[in-house]
Amino acid sequence: MKVDYFQSEYEIIRDFNKCIDCGLCITQCANGAHKRSKEGKLYTEDSLCVNCHRCVAVCPVKAIKIKKNDYSFKDNNSWKKEDITNIFRQAESGGVLLSSMGTPKDYPIYWDKMLINASQVTNPSIDPLREPMETRTFLGKKNSTIEFDENGDIKLEEKPFIELSTPIMFSAMSYGSISLNAHKALAGAAKDLGILYNCGEGGLHKSLYHYGENTIIQVASGRFGVHSDYLEAGSAIEIKMGQGAKPGIGGHLTGTKINKDISKTRMIPEGFDAISPAPHHDIYSIEDLKQLVYILKEATDYKKPIIVKVAAVHNISSIVSGIARCGADIIAIDGFRGGTGAAPLRIRDNVGLPIELALASCDTRLREEGIRDSVSLVVGGSIRNSADVVKAIALGADAVYIGTSALIALGCHLCRSCHLGKCNWGIATQRADLVKRLNPKEGRTRLNNLVSAWTFEIKEMMGGMGINSIEALRGNRLMLRGIGLTEKELEVLGIKIAGE
Amino acid sequence: MKSINAENLSYKELNSIIRQSNDSKFCLTGVMGQRFIGCALKNKEVEISGIPGNALGACLNGGSTIIVNNNCQDATGDTMNEGTIIVHGNCGDTAGYSMRGGKIFIKESAGYRMGLHMKAYNERQPLMIIGDRAGSFLGEYLAGGTIIVLGLRQEGNCPVGNFCGTGMYGGRIFLRSNSLPKDISPHIEATVANEEELNSIKAYIQEFSSIFGFESEEILKDNFYVLTASKSTSYKKKYIAV
């Protein structure tokens, strides 16, 4: 007698009055949740459904609905359904719980507790349709003093920098965690928009080298695919010290996911497990980090800005201060709500800090130490809309990284099943039949649309505040007021309460 | 051949001279700890008298050779792609981190964390040979390539420290020794090297010997162990999808 501890999380509801029996749902579901019986009847295997909405979206007559299975345990605020079922899972398998994307847990979202100013009466607002609004942003070291030569001209020291048409970049997502078509869409959109995308730690696919001007290449602990052509290809190099979704741990790409193309791009043999160690084993101190920063500067003749990416963790402001002093041109801080292709559940949900608090404390600390201009700050970790971008810049960021938002633009429905490798939208998979579903041209257009729309919204909000450039908004905490925050939270964020 | 006296030059000035110059051969004297010498060098040869600083030959590229007539320090050949580094002396820690091609030959002993995460692909097969002893953590996370430790002054004692090859999942480590380290992980298969395996490294040992004036036949007569990633025990953690 089989005793089944698990019930399906979702129910696939088919309206048989509408259903025309085309069978598209069967071919489109890589999880095998839709089946046809021997007698030819359509039926569903609900336990295999991950709620990705692929079948719902492609059904020509809209006959399918996915419902949450409302089976429930007895009401218990101490022990929620997922607490109980996760223990069932571990008792059965002895395994580490694995999950994807950002944490869905109910932690406070500080973006939603801050309000933006608008100009009235004493300070006119600016109409972005009539007057120029500058969203161009430059990332890199800035001079803190002006020096003149003997002719009275300003001495210009050429420091490497990144120019962005809008303060938004596409965050690092490796080729291996997402498909080549997704990378093609991101690279193309970055070029169209005049911004950059980050190719992640899996190396850069040969077919994307020509997007080099709009590419940030990443050097992570595994140093996969890192060679001279790779270092020359991008316009900036990012050293990945940590990632918001899984701070402190390394990565493990199983041999089964390493096909011919991934093997070639990462320069590792096919079918072997790719283990990224947790720390860079040649970086054991801040001095070692400075050494790696300068290895990369020397290797690229000081022509490319070096970014250091860290996860937001305790004492992040001290860490960022140290990194600013070791030669990095840009520091990227990744908040704990950031996404990931796969991470242990407990680390994704419990480790790290919210980016809003991390950003505010780092910006304040760098300004107090007089070194804010020696480095640019880029933040990420679930930036969901243009208002989040405006608030991030007002708190002190120079630009933001978007990852989850970009994937959603490409069709991701946040079903959080990336670690299964069967993404029905062709994004988080390497299966050729699924990757085909993501049309890079169409994806490129959708990303262009998203970032252009956000840029216009940013201009409108800035104009509303009476500000006409990102520079004037950056670190302008007076443009924010807190709502529903404690005194301490207001203090860390460095903003006043609404009404004050 | 361009001669450079590095005595009063900062590393930035010294490396810039080498980079901008059209010469392809350089002879450096008076080197006193300048870092990043030969970083990302391409198709050039540098001979160094004095003690180079950290990160010598980091990101080294094809057609390049770096020869050090003394000892070298930490992070030598870090993330190097191709080329050859020859050290007529001792080496510091963490040489050849993430090496993915080329050769590092060290006449005497080396420090901790040598050859970490070396990787190989097709014709890119990195090689590291250490003449005497190597410290702990040799070849951790090895993904490909060959590391050989000869223990030339160890009189048959084990020439490596603790945690040798921890986390390796590819590549080979050869130890010229009569005994294995006591703490070899169960994920590593350690066997006495057979004739075929010894033949596969014969040419490497001959090259090493001719550079430093050793007798390769004498070296190859002794017992060698070879360490490889065990195929039966894997590192696969059990994961259960949520």
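Colleague: Take a polar contact as a pair of N or O atoms within 3.5 Å, where within protein one must be able to donate a hydrogen and the other to accept it, and residues adjacent in sequence count only if both atoms are side-chain atoms; how many residue pairs are in polar contact between chain A and chain B?

Modeller: Between chain A and chain B there are 19 residue pairs in polar contact, with both residues at pLDDT 80 or more. This is a predicted model, in which local features need pLDDT of at least 70 and side-chain atom pairs count only at 80 or more, whereas totals for chains, interfaces and linings use all residues. Residues are numbered from 1 along each chain as its sequence is written, chains are lettered from A and ligands numbered from 1 in the order in which they are written, and side-chain values use heavy atoms, with hydrogens and water left out.

Colleague: OK, and how many salt bridges are there between chain A and chain B?

Modeller: The count between the two chains is 3 salt bridges, each being a side-chain nitrogen of Lys or Arg within 4 Å of a carboxyl oxygen of Asp or Glu. One of them joins A:Glu298 to B:Arg19, whose closest N and O atoms are 3.3 Å apart.

Colleague: Which elements give two or more residues to chain A's side of that?

Modeller: On the side of chain A that touches chain B, those elements are helix 3 (81-93), strand 5 (96-99), helix 5 (228-233), helix 6 (260-266), strand 14 (274-276) and helix 7 (286-299) of chain A, where helices (H or I, at least four residues) and strands (E, at least two) are DSSP runs numbered from the N terminus. The largest share of that side, 5 residues, comes from helix 7 of chain A.

Colleague: How many residues are in contact overall, then?

Modeller: Counting contact as heavy atoms within 4.5 Å, 43 residues of chain A are in contact with 40 residues of chain B.

Colleague: Which strands pair across the two chains?

Modeller: Strand 5 of chain A and strand 12 (residues 239-241) of chain B pair in the parallel sense over 3 bridges, pairing here requiring that DSSP finds at least two bridges between the strands. Within this pairing, A:Leu97 has B:Ile240, in strand 12 of chain B, as its bridge partner.

Colleague: What is the strand order in the open sheet of 3 strands?

Modeller: The order is 17(A)-5(A)-12(B), and the pairing is mixed. Strand 17 (343-344) of chain A and strand 12 of chain B stand at the edges, each with a single partner strand, so one side of each is left without a neighbour in the sheet.
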